[in-house]
Amino acid sequence: MAQTSGRVLIVGAGLAALRGAEALRETGFSGTLTIVGDEPYHPYDRPPLSKHVLTGATPADATTLPGSHGLDADWQLGSAAVRLDRAAHAVHLADGRSLPYDRLLIATGTRARPWPNPHEGRLAGVFTLRGRDDARALRQALAAGPRRVLVIGGGFIGCEVASLCRQLGLPVTLVEPGPTPLARVLGRTVGGFIGAIHEGHGVELRCGSEVEWLEDEGGRLVRAHLVDGGRIDADLAVIALGAVRNTEWLDGSGLSADPGGVDCDADGRVLDTEGRPDPHITAAGDVARFPHPLYEGRRVALEHWSHAVAQGVHAGRLLAGTPSNGPYGALPTFWSTQGDLVVKSAGLTEGADTVAITQGDPAAGRFVALYGRAGRCIAAVSVDSARWLPAYAELVAAGAPFPPRGTATDRPKGIEIFEPGFP
């Protein structure tokens with residue numbers, strides 16, 4: 001039954017929060033809607049931060065998402081949530097205030113994982129990249145013309161920053177402890193193909209290496225020391241070690257939450273520590289960990305733009321009491337622009353036992369890799385071949401047999417099956 005009145009509180013002011021708030025209003029909710037954000041900004045788009053903002057093509061303050069200023073909501077920005085009191089139906093903020101709720105949407109997202117040594121992480125010339133302020137500061141540092149940029153971490157953000165540095169004509173070294181860039185997400189086989197493309201563009205790759213400590217002179221970064229004794233002179237470093245989910249404020253609340261996310265049931269309601277859903281609380285976006293129906297109910301937490309949109313809408317409709325079409329289970333999709341290289345994916349590669357190049361040619365830098373598990377298609381990744389991806393997304397959504405049958409234009413004859421090579 002639709003619930004059009006009462007007090008809804010959304011903690012988090014990103015994309016998932018905005019789409020959840022819009023869905024609430026669109027389904028007829030006319031009660032009080034309050035949105036809490038730790039940053040002083042209305043919701044903004046994060047993908048441009050590691051792309052257009054760093055090149056200077058887009059100012060950091062021009063990334064605000066449309067819709068937030070016209071939304072009938074009470075925006076409480078610039079003070080983080082620090083504690084949830086479920087018994088009192090209240091959220092406590094860092095500035096000492098307490099906000100009541102009848103229904104709550106948790107959309108607190110993630111933050112950049114910091115460098116493990118706090119002193120080194122605060123050196124001038126050392127950056128992380130997650131928020132608008134991060135992107136603005138890093139853009140200024142890149143525009144100043146560092147003699148060498150060091151990127152620590154070969155995930156998607158690390159690869160995006162490294163390729164962008166080459167676009168700007170800056171020398172850049174990427175250090176990754178895995179065998180290739182993106183090996184944790186795409187496996188060694190596909191990661192090796194993408195790494196070769198980056199090397200062709202002038203990125204110096206140091207795979208199988210790890211930075212042990214950062215050296216400073218007068219409080220400024222001057223070089224990195226590797227575990228194997230090597231050194232890399234650099235006056236700018238970008239720490240790209242992944243993300244940490246913002247769940248600490250839920251400690252002591254009785255909800256099932258840890259650094260991997262806050263647990264939800266199949267409908268999207270948050271679970272308590274006994275595994276029971278709280279009928280008043282939902283979660284969406286990066287912070288939500290939920291059983292995905294396409295992957296045997298395995299719990300996943302996804303850091304994808306399209307997922308934040310779809311799950312935010314689902315959570316908003318759920319809080320409004322609108323009947324859903326069943327458990328949330330949108331096909332995960334993702335994209336990454338790395339210089340002139342566009343990587344897009346559909347599905348989740350985790351757990352794949354085989355991978356095949358089913359379209360194009362890695363040597364030419366344009367191909368589609370299809371991932372299988374137990375004889376079924378579970379994910380597809382396109383590299384500068386996005387036009388082929390929708391057809392493969394259909395195979396993934398249907399759990400079609402792997403490898404695919406039949407012929408297609410630009411498909412290699414006699415598809416070769418590889419080990420994905422996950423670390």
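1. A disulfide is taken here as a pair of cysteine sulfur atoms within 2.5 Å. On that criterion, a search of the whole structure returns 0 disulfides. The model is a predicted one. Cys207 illustrates the result: the nearest cysteine sulfur belongs to Cys159 and is 8.5 Å away, and because the cut-off is 2.5 Å, Cys207 is in no disulfide.

2. Cys207 has a relative accessibility of 27% and counts as partly exposed. Cys377 has a relative accessible area of 2%, so Cys377 is buried, the limit for that class being under 20%.

3. The protein chain is divided into domain 1 (7-111 + 244-320), domain 2 (114-241) and domain 3 (340-418). Taken over C-alpha atoms, the centres of domain 1 and domain 3 are separated by 33 Å. Their contact takes 6 residues from domain 1 and 6 residues from domain 3.

4. Which domains each supply at least three residues to the lining of the second largest pocket? They are domain 1 and domain 3. The volume of this pocket is about 220 Å³. Its lining has 15 residues, and the closest to the pocket centre are Leu294, Tyr295, Glu296, Arg373 and Ile378. By class, the lining of the second largest pocket divides into 8 nonpolar, 2 polar and 5 charged residues.

5. The relative accessible area of Ser382 is 0%, so Ser382 is buried. Leaving aside neighbours within four places in sequence, Ser382 is in contact with Val342, Val343, Lys344, Phe367, Val368 and Leu389.

6. Ser345 is placed in strand β25 (residues 341-347). Ser345 counts as buried because its relative accessibility is 13%, against a limit of under 20%. Not counting residues up to four places away in sequence, Ser345 touches Pro332, Thr333, Phe334, Ala380, Val381 and Leu389. Leu389 is also among the contacts of Ser382.

7. Is Arg132 buried or exposed? With 4% relative accessibility, Arg132 counts as buried. Arg132 is found in helix α4 (residues 132-143). Beyond four places in sequence, Arg132 touches Glu39, Tyr41, Tyr44, Leu49, Ala60, Asp61, Thr63 and Thr64.

8. Ser50 lies in the loop between β2 (32-37) and α2 (52-55). Its relative accessibility is 5%, so Ser50 counts as buried. The contacts of Ser50, not counting residues up to four places away in sequence, are Leu129, Ile157, Glu160 and Leu164. Ser50 and Arg130 are 80 residues apart in sequence, and their C-alpha atoms are 8.5 Å apart in space.

Terms used:
Residues are numbered from 1 along each chain as its sequence is written. This is a predicted model: local features need pLDDT of at least 70, side-chain atom pairs count only at pLDDT 80 or more; totals for chains, interfaces and linings use all residues. Side-chain values use heavy atoms; hydrogens and water are left out. On a 1 Å grid over the protein atoms alone, a cavity is a set of points where a 1.4 Å probe fits but cannot get out, and a pocket is an open set with protein on both sides within 12 Å along at least five of seven lines; lining residues have an atom within 4 Å of a point. Grid points are joined across faces, edges and corners, and a volume is the space filled by probe spheres set on the points. Ala, Val, Leu, Ile, Met, Phe, Trp, Tyr, Cys and Pro count as nonpolar, Asp, Glu, Lys and Arg as charged, and the others, Gly among them, as polar. Domain bounds come from an automatic or database domain assignment. Buried means under 20% relative accessible area, exposed over 50%, partly exposed in between (1.4 Å probe, protein chains only). Helices (H or I, at least four residues) and strands (E, at least two) are DSSP runs, numbered from the N terminus. Contact means heavy atoms within 4.5 Å.
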